[in-house]
Amino acid sequence: MNNKLNSSGLAHVGYFVKDLEASRKFYMDVLGFKHDYDGSVKNETGPDTLISFVSLENLVIELIQDGNSYKEATAASPHHLAIASRDVDSVIARLQAEGLEFEEKQSTHLPDLGENGCRYIMFRGPDGERLELQEVY
């Protein structure tokens, strides 16, 4: 099998939410998810975007409260599909060599996600769908 992404499977699914705390409470208290991680991502044009990861067994959901505005049109659909990768750097280099453009110039590091942190980078599929490569250390 040709595993160009050096992937171990699905990393998580991300959803925009209006109220991060209310959504986290729903997933935890109503559905029985456990809390994994809270963080933020800097926005150049406004307040930081807040994120919270919750999980149930091997299902991981990233709840995203956008600092600029709530993405009403995309609220009911996934914000992105995250693909777990064992080596983000080599995959980025290979995909760039094939002409793929990434949304950022370099991967983003979240030092407190997982036991030893993670890195991720976003790109688009052929129909504009957002995809993420994520390496958890």
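Two strands pair if DSSP finds at least two bridges between them. Strand 7 and strand 8 meet that mark, with 7 bridges joining them in an antiparallel run. The model shown here is predicted.

**The largest pocket**
- The volume of the largest pocket is about 540 Å³.
- Its lining is made up of 24 residues.
- Nearest the centre of this pocket lie Val41, His79, Glu104, Tyr120 and Arg130.
- Several strands each supply at least two lining residues: strand 1 (7–16), strand 3 (49–56), strand 4 (59–65), strand 6 (108–110), strand 7 (118–124) and strand 8 (130–136).
- By class, the lining holds 8 nonpolar, 8 polar and 8 charged residues.

**The second largest pocket**
- The second largest pocket has a volume of about 220 Å³.
- Residues that line it include Leu10, Ala11 and His12. Asp36, Phe53, Asn58 and Val60 are also among them. Leu113, Gly114, Gln134 and Val136 belong to the lining too.
- Strand 1 and strand 8 each give at least two residues to this lining.
- Strand 1 gives the most, with 3 residues.
- The lining of the second largest pocket divides into 6 nonpolar, 4 polar and 1 charged residues.

**Strand 7 and its partners**
- Strand 7 is largely enclosed by the rest of the structure, because 6 of its 7 residues are buried.
- Strand 6 pairs with strand 7 over 3 bridges, in the antiparallel sense.
- In that pairing, Thr108 stands opposite Tyr120 of strand 7. Tyr120 is also one of the residues nearest the centre of the largest pocket.
- Strand 8 also runs antiparallel to strand 7. Here Phe123 stands opposite Leu131 of strand 8.
- Strands 6, 7 and 8 are among those that each supply at least two residues to the lining of the largest pocket.

**Helix 1**
- Helix 1 spans residues 20–30, and Leu20, Ser23, Arg24 and Tyr27 are buried in it.
- An α-helix has 3.6 residues a turn, so residues three or four places apart point the same way.
- Asp29 and Val30, on the other side of helix 1, are exposed.
- Strand 2 (34–41), strand 3 and strand 4 are among the elements that cover the buried residues of helix 1.

Notes: Residues are numbered from 1 along each chain as its sequence is written. This is a predicted model: local features need pLDDT of at least 70, side-chain atom pairs count only at pLDDT 80 or more; totals for chains, interfaces and linings use all residues. Side-chain values use heavy atoms; hydrogens and water are left out. On a 1 Å grid over the protein atoms alone, a cavity is a set of points where a 1.4 Å probe fits but cannot get out, and a pocket is an open set with protein on both sides within 12 Å along at least five of seven lines; lining residues have an atom within 4 Å of a point. Grid points are joined across faces, edges and corners, and a volume is the space filled by probe spheres set on the points. Helices (H or I, at least four residues) and strands (E, at least two) are DSSP runs, numbered from the N terminus. Ala, Val, Leu, Ile, Met, Phe, Trp, Tyr, Cys and Pro count as nonpolar, Asp, Glu, Lys and Arg as charged, and the others, Gly among them, as polar. Buried means under 20% relative accessible area, exposed over 50%, partly exposed in between (1.4 Å probe, protein chains only). Contact means heavy atoms within 4.5 Å.
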